[in-house]
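Q: I'm new to reading protein structures. Could you walk me through a few features, one at a time?

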Amino acid sequence: MSYLDKKKIATYWADSSSNGLINSLVQKGSPYIKTMMETLINGKAINVRIDEQIVFSELDYSEDAVWSLMLASGYLKVISSEELNLIRESENEYELALTNREILFMFRKMILRWFTPAKHETTLEDTVEAALEQIEEKNMTRSL
């Protein structure tokens with residue numbers, strides 16, 4: 001679709017939905033999650049436990065829940081799996097990789113945005129400076 005419109009190959013699927021939940025889970029995630037994401041972005045596979053019965057409320061306290069969500073959402077693909085009957089029948093260890101280059105580019109772009117402030121983003125320093133300028137202006141007008 002993108003090629004027909006613009007005569008240029010570009011990402012489509014990755015830009016067609018909100019990735020806010022995934023972004024938040026990865027950005028606020030532990031060093032383990034960030035290290036695993038780095039592995040994925042470097043084109044390598046990761047081995048993680050996946051609970052196929054994951055529920056939304058587990059995302060806040062289960063480190064591996066992010067991988068279950070990313071797999072179910074199509075961001076990751078299964079390379080291989082091994083049953084782990086140690087904890088629950090539904091829990092397996094999977095070798096996962098990013099689905100395709102489009103997803104790779106989406107994650108690279110997402111991570112770069114963490115380090116690039118928005119054009120109209122104001123910092124606390126900007127806010128304090130603006131407030132001090134207003135106070136100074138009020139004091140100057142009062143003294144006249």
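Q: Let's start with Ser68: which helix is it found in?
A: Ser68 belongs to helix α4, which covers residues 65-72. Keep in mind that this is a predicted model.

Q: How do I tell whether Ser68 is buried or exposed?
A: Look at the relative accessible area: under 20% means buried. Ser68 comes in at 5%, so it counts as buried.

Q: And which residues does Ser68 touch, leaving aside its neighbours within four places in sequence?
A: Contact here means heavy atoms within 4.5 Å. With those neighbours set aside, Ser68 is in contact with Ile50, Asp51 and Ile54.

Q: Now zoom out. How many helices and strands does the protein chain have?
A: You'll find six helices and three strands. Walk along the sequence and the pattern reads α-α-α-β-α-β-β-α-α.

Q: How much of the protein chain counts as buried?
A: The chain has 144 residues, and 28% of them count as buried.

Q: What share of the contacts links residues 24 or more positions apart?
A: Take the contacts with a separation of 6 or more: residues 24 or more positions apart account for 59% of them.

Q: Where is Arg101, and is it buried or exposed?
A: Arg101 is in helix α5, residues 101-114. The cut-off for exposed is over 50%. Arg101 has a relative accessible area of 60%, so it is exposed.

Q: Which residues form the nonpolar patch on the surface?
A: That one is formed by Leu124, Val128, Leu132 and Ile135, and together they have about 410 Å² of accessible area. Ile135 is in helix α6. With 49% relative accessibility, Ile135 counts as partly exposed.

Methods. Residues are numbered from 1 along each chain as its sequence is written. This is a predicted model: local features need pLDDT of at least 70, side-chain atom pairs count only at pLDDT 80 or more; totals for chains, interfaces and linings use all residues. Side-chain values use heavy atoms; hydrogens and water are left out. Helices (H or I, at least four residues) and strands (E, at least two) are DSSP runs, numbered from the N terminus. Buried means under 20% relative accessible area, exposed over 50%, partly exposed in between (1.4 Å probe, protein chains only). Patches are made of residues with over 30% relative accessible area and no salt bridge: like charges are joined within 9 Å, nonpolar side chains (Val, Leu, Ile, Met, Phe, Trp, Tyr) within 5 Å. Accessible areas come from the Shrake-Rupley method with a 1.4 Å probe; for residues, only the protein chains shown count as cover. A salt bridge is a side-chain nitrogen of Lys or Arg within 4 Å of a carboxyl oxygen of Asp or Glu.
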